Amino acid sequence: MERLAPWLWRRYRTHYAGLLVAQILFWPFFVVFAGMASWALSLHRSLGDFLFVGGVFLVVAEACGAMAVLGATREVRPLLNAWGRGDRSNPRLTSEALSRLDRVPVVYGLAGGVPMLVIAPLLGDAVGLPWSVNAAMGLAAALLVVGSGLLGWAIVDAFLWPVQAELDAVLREDQPVVVRRGVGGRLVMIVFLATLMGSWVAALVTSMARTDAGQYVLAPIVAIPFALGIAIVLSPFGVTPVVRPVEDLAAGTERVTAGIFDQRVPVTSDDEFGQLARSFNRMQAGLHERERLQAAFGSYVDPVLAQRLLERGSELFEGEEAEVTVAFVDVRGFTAYSQGRTPGETVARLNELFSLVVPILRAHGGHANKFLGDGMLAVFGVPEELADHADCAVAAAMAIQDAVHERFGDDLRVGIGLCTGPVIAGTVGGGGKLEFTLVGDTVNVAARIEEMTRSTGDLVLLADSTLEALSRPVGTVSRGEHELRGRVGRTELHALTAW
């Protein structure tokens, strides 16, 4: 049924309502036929008696059942056929109608089975049977027809799955609903039908046995395997509507594990599995929203900070002192460049530069702390601790210069100032606006050293503190001691000569 129902829906979607009604009326034919055959054999009746009684049973059951089914589906059939033709104007109404369609086989079973209580004894009397046998035959015939209605219930559920999945893709409703019935009903139906059929065959075999010993031996030997066979035959119809939602949920969890959040689990019922599918979709939507917010948040905040915020919440950075290396990056002559460009061209140029620089910083363990017009402040050592932060900063500075030269040539150049020392790192702000920032003389010195690159003509200048903190030797040349703007005393600077 897992493959048959979707295939039938694709091929006969414009006449699917008629197909459903036909199968509701079709399956009981075999159930009643089997019952009448066992009746004829057990009572040793002639073929003519069998055809007479069986034919009347079938006509009555099918006629009464058909009138009941057609009346119960008069509102559903046009909606389902219209949906099959591509009319999407009433998805909610169609879904509500389909949710009531699985009652129709039960209506058929009652409409076709109850008359058997009266008709069967009359037919038995017509062929010369005693009233005790006629009454038992009427009850058994009624149970057969009602049982066939339960079989149709399971089949309708299986046949409606592809339609309900298509409706759910349009409605996309995940609000909780009142559970109308339990999934156990389908499994109970299988057990009931299997027991009914097994009991019927047991009675048949018992009536054919000539001795009490034969009855006790033959009845269970034949009835139990027959009941198991009926259960196996019916299981695809009764179990598929239960197993399919479990398979959909298992596939959904695999997609979520793989980071795929935009494919829903179809909600095809209003039982416990339908509730579970709705809950799963709400959870998946929440995860999808969380991923979108995290991605958007990461566009404005460094991903390391974003992850730490998600993990620690309000305890992101209450303030801590750390030994770090600060890098200040600034574009040479960008003011003059921007005067001859439109605002859009100016911003695009800066974005192109920073999209090149920021990944290099991250690759070397650095954090882009803030953008200052055509400049940028970066730090190595917080928020992630680095034992060799000075080496990482120098390596990043060299990689940035190489990448900028390769991308822009002589059209754009950047100066970089590096300084190592203590800073206070913490979340600062108020009024709903917070920012992770660095406070300390080390930050100011790095900015002033970058200013000195214009005077010395170097691309990268290091403070003496950064050179002393290096654990690996690099090529440098001393530029002597210089007075830095806003600072008392002189600071010895070193230029990188590695390239």
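Two strands count as paired if DSSP finds at least two bridges between them. The legends below describe close-up views of a predicted model.

**View 1. Strand E8 and its two antiparallel partners.** Strand E7 (residues 476-483) pairs with E8 in the antiparallel sense, over six bridges. Strand E6 (residues 460-463) is also antiparallel to E8, and three bridges join the two. Strand E8 (residues 490-496) is mostly covered, with five of its seven residues buried.

**View 2. The hairpin of E7 and E8.** Six residues lie between the two strands, and Gly-486 takes a positive phi near 85° in this hairpin. Most residues other than glycine have a negative phi. Arg-490 forms a salt bridge with the side chain of Glu-481 (4.0 Å, N to O) and another with that of Glu-483 (3.8 Å, N to O). Glu-481 is partly exposed because its relative accessible area is 46%, between the limits of 20% and 50%. Glu-483, at 57% relative accessibility, counts as exposed.

**View 3. The salt bridge between Asp-458 and Arg-479.** The two side chains meet at 2.8 Å, N to O. Asp-458 lies in the loop between helix H16 (441-456) and E6, and Arg-479 lies in strand E7, so the pair ties together parts that are 21 residues apart in sequence. Asp-458 is buried, with a relative accessible area of 9%, whereas Arg-479 is partly exposed at 33%.

**View 4. Surroundings of Asp-330.** Asp-330 belongs to strand E1 (residues 320-331). With a relative accessibility of 9%, Asp-330 counts as buried. Its side chain makes a polar contact of 2.4 Å with that of Arg-454. Asp-330, Glu-450 and Arg-454 are linked in a network of salt bridges. Beyond its neighbours within four places in sequence, Asp-330 is in contact with residues including Asp-374, Gly-375, Arg-413 and Val-414. The structure holds 10 salt bridges.

View 5. The bond from Val-382 to Pro-383 is cis, with omega near 0°. Most peptide bonds are trans. Pro-383 is found in the loop between strand E3 (375-380) and helix H15 (389-408).

**View 6. Two buried cysteines.** Cys-392 counts as buried at 13% relative accessibility, and Cys-419 counts as buried at 6%. A search of the whole structure finds zero disulfides.

Methods. Residues are numbered from 1 along each chain as its sequence is written. This is a predicted model: local features need pLDDT of at least 70, side-chain atom pairs count only at pLDDT 80 or more; totals for chains, interfaces and linings use all residues. Side-chain values use heavy atoms; hydrogens and water are left out. Helices (H or I, at least four residues) and strands (E, at least two) are DSSP runs, numbered from the N terminus. A disulfide is a pair of cysteine sulfur atoms within 2.5 Å. Buried means under 20% relative accessible area, exposed over 50%, partly exposed in between (1.4 Å probe, protein chains only). A polar contact is a pair of N or O atoms within 3.5 Å; within protein, one must be able to donate a hydrogen and the other to accept it, and residues adjacent in sequence count only if both atoms are side-chain atoms. Contact means heavy atoms within 4.5 Å.
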